[in-house]
Amino acid sequence: MARLLASTPVVGELGQLFANAGHELYLVGGPVRDALLGVLQHDLDFTTSARPDDIEKLLRGWTKAVWDIGKDFGTIGAKKKSQGGEWQIEITTFRADIYRSDSRKPEVNFGDNIADDLIRRDFTVNAMAYDVAKNRFVDPYGGLADLASCVLRTPFTAERSFSDDPLRMMRAARFASQLQFTVAPDVQQAMTEMADRIEIISAERIRDELCKLLLTDHPRPGLNLLVNTGLADRVLPELSQLRQTQDEHKRHKDVYQHSLIVLDQAIELEKARGHQPDLVLRVASLLHDIGKPATRVFEEDGTVSFHHHDIVGAKLARKRLKALRFSSDDTKAICQLIEQHLRFHGYGEGQWSDSAVRRYVRDAGDQLERLHILTRSDCTTRNQRKAARLRAAYDDLEKRIAVLAEQEELDSMRPDLDGEQIMQILGLKPSREVGEAYKYLLNLRIDEGPLGEAQATQRLLQWWQQRSTQTAN
C-alpha cells in the first residue's frame, strides 16, 4: 500500500500541506481498503483535525477547483490534475456523529482524534487509515485481519453501529456483494433484530444503496442478505413475497430463486452484448415476476397459473419505485419491460407475421435491446432441449427484426404521410380527427409495410369516406 500511495503525488502534496499548517491528515475508508487490495481509485477520501473553514482555505491555495459539499457536515470537495490523471477529493473534519431514535439525519459532532473518527465508521475494513504526513498505517479495530479473512464486522458492537446509522445495514448487503465478503454472525443477527430501524432512513438514501448493490457484478449475496434478515420486508417487500409462491407440493418453480437466476443471466448477457452495468435492466430483471404472488391460481388439473402477472407486476413495480423515489424515466422504462416480458412467448415457432414483428419493435420502442436481454434471461428451465429451442426462436426473431429494420427503418417507423399532409389531403385543421387518421396510417404501415405516398393517400381517402359514412349513420 505504501508503495502505491507513494507513487501518487497528490496524496503526498496534501499531507505536506496540512502538516505545514499544523493539522493531521489521514486517507480513510474505501481508498485505504482498495489500496490494500492493490487498487487506488481516483476518488480519495480524507479526514483531518482541521475544521471546515481551515480545510477550505488550505485547498484554495492548492487548487482552483474547490467547493462546499457540506460545510455543516465538515466536508469540503476539490479536484486536482496531477500525475495519473484527475483526482476527486473529499476532506472531512474528524466526526463523532449520532442518530437519535426518531431522526432520519445524523446529529453532526466534530471529533478530535482519528481513533474516535474511525470507530464511527460502518465496518472495520472501512475503518483503517493512512497517516499521510507520517507514512503510518492506522488500524485500531482489526480491519486488516478482517480484510484478509473477507469478513464484514463493525468497529462498535453491531447494535450500536446500526443504531447510530441504520443505513449501514443496507451497506452491509451492498458490501457483501461488492466485495464478496461474508457478514459476521453478530452483524447478521443485529440486522435481523433491528430491521425496523431502517424505516427512519429516507427513501432516497435507501434507493441509492439498493442501486449500488444491484450495480455490483454479483448482487445475489446482498439480495439474499436483505431477504433473510427481513430488511427487504421494509424496503422491497415485493421481493420477499416471491418466496411465498413456492407451494409445499412444488408444482411450480421457486419464483424468488428464478428471479435471482434471471438477474444473474441478465448481467452475463449485458456484458456479452457489450453494455455497461444497466440499472433499469437489472431492476426489471429482479422484479419482472412480482405480480405472481397476487395472481397465483391452482387449476383443477393440478397445474398452477399466473394469468396477467405481467400487468399486475408492472403496477406493483410502479408503486414501489415511486415510493423509493426512482426517477420517472427509469420507472417508466422498468415498468414497460415488466409489462412486456411475456410478449415473445407468443412467437412460437417463428409464426409471427411481419406486421406482428413490427408491432413488437414499435411497442418496445427504445427499450428493445433491454427487452431482448430480459426475455432471453427469463429462460431458466433445466430442460436443455426446451432451452435450446427458446434460444433458437429468439435468435430467429432478432434476425427478422434486423432484416426488417434494414429494409424499412423500423427504428423510426412512421406513417407514409405526416400530419401536415393528412390535413392537406382531408382539408382539416389540427384536431382529434387528424390524430385518428395518423393512427390509422401508422397501423397500416405496421401491418403492410411501406406503401408509398400515392397508395397511402388513396387508402386514407377510402378510410375517411367510410368514417364519414359511419358517422352520418
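The model is predicted, so local features need pLDDT of at least 70 and side-chain atom pairs count only at pLDDT 80 or more, while totals for chains, interfaces and linings use all residues. Numbering starts from 1 along each chain as its sequence is written, and side-chain values use heavy atoms, with hydrogens and water left out.

**Second largest pocket**

- The second largest pocket comes in at about 660 Å³ (a pocket is an open set of points on a 1 Å grid over the protein atoms alone, with protein on both sides within 12 Å along at least five of seven lines; a volume is the space filled by probe spheres set on points joined across faces, edges and corners).
- Its lining (residues with an atom within 4 Å of a point) runs to 25 residues, with His-345, Asp-378, Cys-379, Thr-380 and Leu-390 nearest the centre.
- Two or more lining residues come from each of α14 (255-272), α20 (368-377) and α21 (384-408) (helices are DSSP runs of H or I, at least four residues, numbered from the N terminus).
- α21 gives the largest share, six residues.
- By class, that lining splits into seven nonpolar, 10 polar and eight charged (Ala, Val, Leu, Ile, Met, Phe, Trp, Tyr, Cys and Pro are nonpolar; Asp, Glu, Lys and Arg charged; the others, Gly among them, polar).

**Largest cavity**

- Searching the whole structure turns up one cavity of 30 Å³ or more (points where a 1.4 Å probe fits but cannot get out).
- The largest cavity holds about 50 Å³ of space.
- Leu-210, Leu-214, Leu-236, Val-283, Leu-286, Leu-287, Leu-321 and Phe-326 line the largest cavity, giving eight nonpolar, no polar and no charged residues.
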